[in-house]
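Thank you all for coming; I would like to take a few minutes to walk through one model, going element by element. Please have the sequence and the structure open while I talk.

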Amino acid sequence: MLDAAGIDRLRTALTTARFTSTGIAERLGPQATAAVSRNDYRAALRRTGDGDPLDTLIRIFICAQTESAAAVSAALAPLPLADALAAGLVEPALGGPGLRQGVDLEPYGDDWWVFSDVPAHLRAGQPLAADHVLGVGGSSTTLADAVGRRPVGSALDLGTGCGVQALWLAGHAASVTATDLSARALRFAATTAALSGQRWELLHGDLAAPVAGRRFDLVVSNPPFVVGPGTATHVYRDSGRIGDGVCAELAAAADDLLTDGGTMHYLANWLHVAGEDWAERVAGWLTGTGLDAWVIQREVADPVSYVNLWLADASEGPDAHRAAAWLDWFDAQKVEAVGFGLVTLRRSGHSDPVVRVEELRQQVTPPLSERVDEWFSRQDWLRARDDAGLLAARYRAADGLRLRQEASIGEDGWAVDRQTVTMTDGLRWSEEIDPLVLALIGGCDGAMAMRDQVTLLATAHDVPESDLVDAAAPIVGRLVERGILRPV
């Protein structure tokens, strides 16, 4: 959007004014900053009335106000106002004097700035253009939180948009490649990279098509995952594939994109079809890939809520005809709901890949990336041991476990009908357990091998030891996978 000299001048203006996350938070204070996150700009406007450069930048790019040309020129100096207008950073206000934002310029931490189109809520509900480029949002934040930040050689961002994921990748990857079908998005991403002092390889094309034949250590994607009949009206959300085809396509492409040991993370939507198990549907995407996979469903929406959400997201307004056509397609496909979640794939090279597709709708301890890394580490530990090896190990119960019991009263007093053990940290799983498993967990203090514990339990509960040994290994494996038991 600007040449190299213009980028340098704009960066100077922003850093001098302290138009950064920290600078804005200090100027506004915690209450006004929190209010801005809820799109309530009243307190922010009251705190930015003095007209210095930071005030002006906040009022234009955070609060979507119109400011005088003189104030804008002073705030952007040494970048000439004419250059800012030519690049589309600011534009003449509609119906009156002054200038307003032409793009969304969002500080992202203290060293990065993200360029994107102005959000719909700041344009009085004006419908989004077909080539609208989203800025930092809930989905991009979710994905960034899920990606581990270990150093890697090469990283790929499929469908980069304004470049949020690529910004993060550049912090721990020797090289970053990013693709997008939208030339407009690549223009924004190039500006984001340049202003934030980074260099990426930017390639135009549909998802992985521009990098055919190449492999990467880490691949991420926040793709246009919205499911439907294949109608493409907005490039940021619509892939043009029918149903959840784009998400299945990414799973199929992963093995050819990843180096040995490489990992791929992407957000996805999938259909819940009547008479089908949604988890089996998603697991089918991974058949024959040879990849380890952990797919977690974080949210589920009914078709009406889903359609209304995405029509509102693009500020399309109430459109009974379009909504009906979309819902009719869902009905024809017997779609009962749409799931949203995270797909993590790993090219481990093992002949027996681990594939898990499961519900994870409870709150987890952030960052999610640590939970993902821990899950795969536990799989590696389990895969290296047979049943005898599992029972030979010593374990410690996870910190903070809680036991919940449900009981009913009868002629002989209270009888426990159901009991669950719940983790209060990490993934916060809950597992229903029987008295023997409860005793097994309770005895895991790291001092005794599991095989010896089983012997003691068999004696204490008058159970044949051989039966308990046979049953213990899969139970221990499940508890280790969940993180309820931890090897020492």
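This is a predicted model: local features need pLDDT of at least 70, side-chain atom pairs count only at pLDDT 80 or more; totals for chains, interfaces and linings use all residues.

Residues are numbered from 1 along each chain as its sequence is written, and side-chain values use heavy atoms, with hydrogens and water left out.

Let me begin with the helices, where helices (H or I, at least four residues) and strands (E, at least two) are DSSP runs numbered from the N terminus. Helix 17, residues 435–442, packs against helix 18, residues 450–460, at an angle of about 135 degrees, with the axes 10 Å apart; axes here are lines fitted to C-alpha atoms, for helices over the stretch in contact, and angles run from 0 to 180 degrees between N-to-C directions. That makes helix 17 oblique to helix 18, given that angles under 35 degrees count as roughly parallel, over 145 as roughly antiparallel, 65 to 115 as roughly perpendicular and the rest as oblique. On the helix 17 side, Leu-436, Ala-439 and Leu-440 meet Met-450, Gln-453 and Leu-457 of helix 18, a contact being heavy atoms within 4.5 Å.

Turning to the strands, two of them pair if DSSP finds at least two bridges between them. Strand 5 (residues 152–158) runs parallel to strand 6, joined to it by six bridges, and Leu-156 stands opposite Thr-177 in strand 6. How many of the eight residues of strand 6 are buried? Six are, so strand 6, residues 173–180, is largely enclosed by the rest of the structure; buried means under 20% relative accessible area, exposed over 50% and partly exposed in between, with a 1.4 Å probe and protein chains only.

Elsewhere, an open sheet of three strands has the order 14-15-16 with antiparallel pairing. Strand 14 (402–410) and strand 16 (430–432) stand at its edges, each with a single partner strand, so one side of each lacks a neighbour in the sheet.

Finally, the two single residues. Ile-60 lies in helix 5, residues 53–61, and counts as buried at 1% relative accessibility. Ser-239 sits in the loop between strand 8 (216–221) and helix 11 (245–257), and is buried as well, with a relative accessible area of 15%.
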